[in-house]
Amino acid sequence: MIKVFVDGQEGTTGLKIFEYLAARSEIEILRIDEDKRKDVAQRRALINASDVTFLCLPDTAARESVTLVDNPDTCIIDASTAFRTQNDWAYGLPELSPAQRTRIRTAQRIAVPGCHASAFILSVHPLIAKGIMPPDCPLSSHSITGYSGGGKQMIAAYEQGENPLLTSPRPYALGLEHKHLPEMTLHAGLAAAPIFTPIVASFYQGLAVTTCFYPRHLARGIGPQQIQAVLAEYYENEPFIRVAPFNHAINLDEGFFNVQASNSTNRVDLFVFGNQDRIIVIARLDNLGKGASGAAIQCMNLRLGVNEMTGLKT
Ligand SMILES: NC(=O)C1=CN([C@@H]2O[C@H](COP(=O)(O)OP(=O)(O)OC[C@H]3O[C@@H](n4cnc5c(N)ncnc54)[C@H](OP(=O)(O)O)[C@@H]3O)[C@@H](O)[C@H]2O)C=CC1
Ligand SMILES: CC(=O)N[C@@H](CCC(=O)OP(=O)(O)O)C(=O)O
């Protein structure tokens, strides 16, 4: 049996990881008593007794947990923002490249990407890697996200239903310094951070990041059809990525985009819209699936050497 501990088992990401693990007969879940779940000695004992520990904690607590590891065989898979740009951690996005997937398979420390970051990077990275978008291309991007992305406190605020301001979408991180910018810039291969504004709205889960750019900033002769073709080819063999046909009306519901249509899957759906003057790429995922817990399970599968798709829906 593979022993797995979830540090932060009562949080939004931790509970969802528990759901996935509970369905796996080859996994023994190491449980911490409810009243001991912030007790450092108990957490240390369980982390070091585990083959895999998921950290589903705020950044500070995640950093603390890592200092508790003294079993060299324990693999840590961290859902927080703490380690996503560190060289000694593998960034948990296997779809970046074959080399990245290999790295995750052997890593003892894996940082699960942020939800907005995954969607943004998967939209942009292939274009830069293939040399059709320069690393200094000016990009503007916005994300529409369900409120579960904000964790227990935000969920409680929305579900109390007492604040009328929460009935309309709310742009945030307006200092243009969202915490995902460092990983977005580094792992997309950009020379500088994009302009990025997330918007949280009154629905539980689902996320769509829209990235906007002009063909005049791309390699000569590249328009939206070529962008769609490059993305489709890059992700051709990826089990969790689908690239929709260019500008296809089938992607829309009477002209409107459905932000929630990838929910309850580990899928990322990519869409290219536009014309010879203006292009957008939309990446849609479930912020609790491929945006967090699903991605963490995918990384665990790779690390354990089992089929990457085990227990995950496409
Ligand atoms: N929700 C999402 O879509 C995503 C979240 N993440 C990341 O995952 C991590 C967890 O987020 P999320 O699940 O949303 O957050 P939640 O606020 O829902 O849960 C965090 C949990 O950590 C517990 N906790 C806090 N401090 C400690 C500590 N010192 N020791 C043990 N437990 C502690 C909290 O306890 P208590 O119950 O007492 O508050 C809570 O149960 C964060 O780093 C977040 O950034 C990543 C991707 C997406
Ligand atoms: C709605 C909302 O607040 N979402 C969170 C992101 C959730 C996530 O993926 O973030 P981390 O893993 O980096 O914490 C935010 O924008 O900060």
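This is a short chat about a predicted model of a protein chain with its ligands.

Reader: Okay, where do I start? Into which domains is the protein chain divided?

Author: Domain 1 covers 2–113 + 291–304, and domain 2 covers 115–287.

Reader: How many Å apart are their C-alpha centres?

Author: The centres of domain 1 and domain 2 lie 25 Å apart. The contact takes 15 residues from domain 1 and 23 residues from domain 2.

Reader: Which element gives the most on the domain 1 side?

Author: H9 does, with five residues on the side that touches domain 2. By class, that side of domain 1 has six nonpolar, seven polar and two charged residues.

Reader: Now the ligands. How many residues surround ligand 1?

Author: There are 26 of them. The closest are Gly11, Thr13, Ser80, Gly151 and Ala292. Helices H1 (12–22), H3 (59–67), H6 (151–160) and H9 each give two or more residues to this shell.

Reader: Which of them gives the most?

Author: H1, with three residues.

Reader: And what classes make up the shell around ligand 1?

Author: It divides into eight nonpolar, 13 polar and five charged residues.

Reader: Where does ligand 1 lie relative to the domains?

Author: Domain 1 and domain 2 both give residues to the shell around ligand 1, so ligand 1 lies between them.

Reader: On to ligand 2. Which residues are closest?

Author: Thr81, Gly114, Cys115, Gly149 and Gly150. The shell around ligand 2 holds 14 residues. By class, six are nonpolar, seven polar and one charged.

Reader: Which elements supply at least two residues there?

Author: Strand E9 (195–201) and helix H9 (289–304).

Reader: Why is ligand 2 said to lie between the domains?

Author: Because domain 1 and domain 2 both give residues to the shell around ligand 2.

Reader: Let's switch to strands. What covers E4: is each face buried or exposed?

Author: Both faces of E4 (residues 75–78) are covered. Cys75 and Ile77 are buried on one side, and Ile76 and Asp78 are buried on the other.

Reader: Which way do E3 and E4 run?

Author: Strand E3 (residues 52–55) and E4 run parallel, joined by four bridges. Leu55 has Asp78 in E4 as its bridge partner. E3, H3 and E4 also make a right-handed β-α-β unit.

Reader: How many bridges link E4 and E6?

Author: Three, in the parallel sense, with E6 spanning residues 109–111. Ile77 stands opposite Ile110 in E6.

Reader: What about the seven-strand sheet? What is its order?

Author: The order is E8-E9-E7-E10-E15-E14-E11. The sheet is open and its pairing is mixed.

Reader: Which strands sit at the edges?

Author: E8 (170–171) and E11 (241–243), each pairing on one side only.

Reader: How do E7 and E9 pair?

Author: Strand E7 (residues 140–146) and E9 pair in the parallel sense over seven bridges. Ser143 stands opposite Pro198 in E9.

Reader: One last residue. Where is Arg103?

Author: Arg103 is in helix H4 (residues 98–106).

Reader: Why does Arg103 count as partly exposed?

Author: Because it has 17 C-beta neighbours inside 10 Å.

Terms used:
Residues are numbered from 1 along each chain as its sequence is written. Chains are lettered from A and ligands numbered from 1 in the order in which they are written. This is a predicted model: local features need pLDDT of at least 70, side-chain atom pairs count only at pLDDT 80 or more; totals for chains, interfaces and linings use all residues. A residue is near a molecule or strand if its C-beta atom, placed from the backbone, lies within 6 Å of it. Ala, Val, Leu, Ile, Met, Phe, Trp, Tyr, Cys and Pro count as nonpolar, Asp, Glu, Lys and Arg as charged, and the others, Gly among them, as polar. Domain bounds come from an automatic or database domain assignment. Two residues are in contact if their C-beta atoms, placed from the backbone, lie within 7 Å. A residue is buried if 20 or more other C-beta atoms lie within 10 Å of its own, exposed if 12 or fewer, and partly exposed in between; C-beta atoms are placed from the backbone. Two strands pair if DSSP finds at least two bridges between them. A crossover is right-handed if, with the strands pointing away from the viewer, the path from the first strand over the helix to the second runs clockwise.
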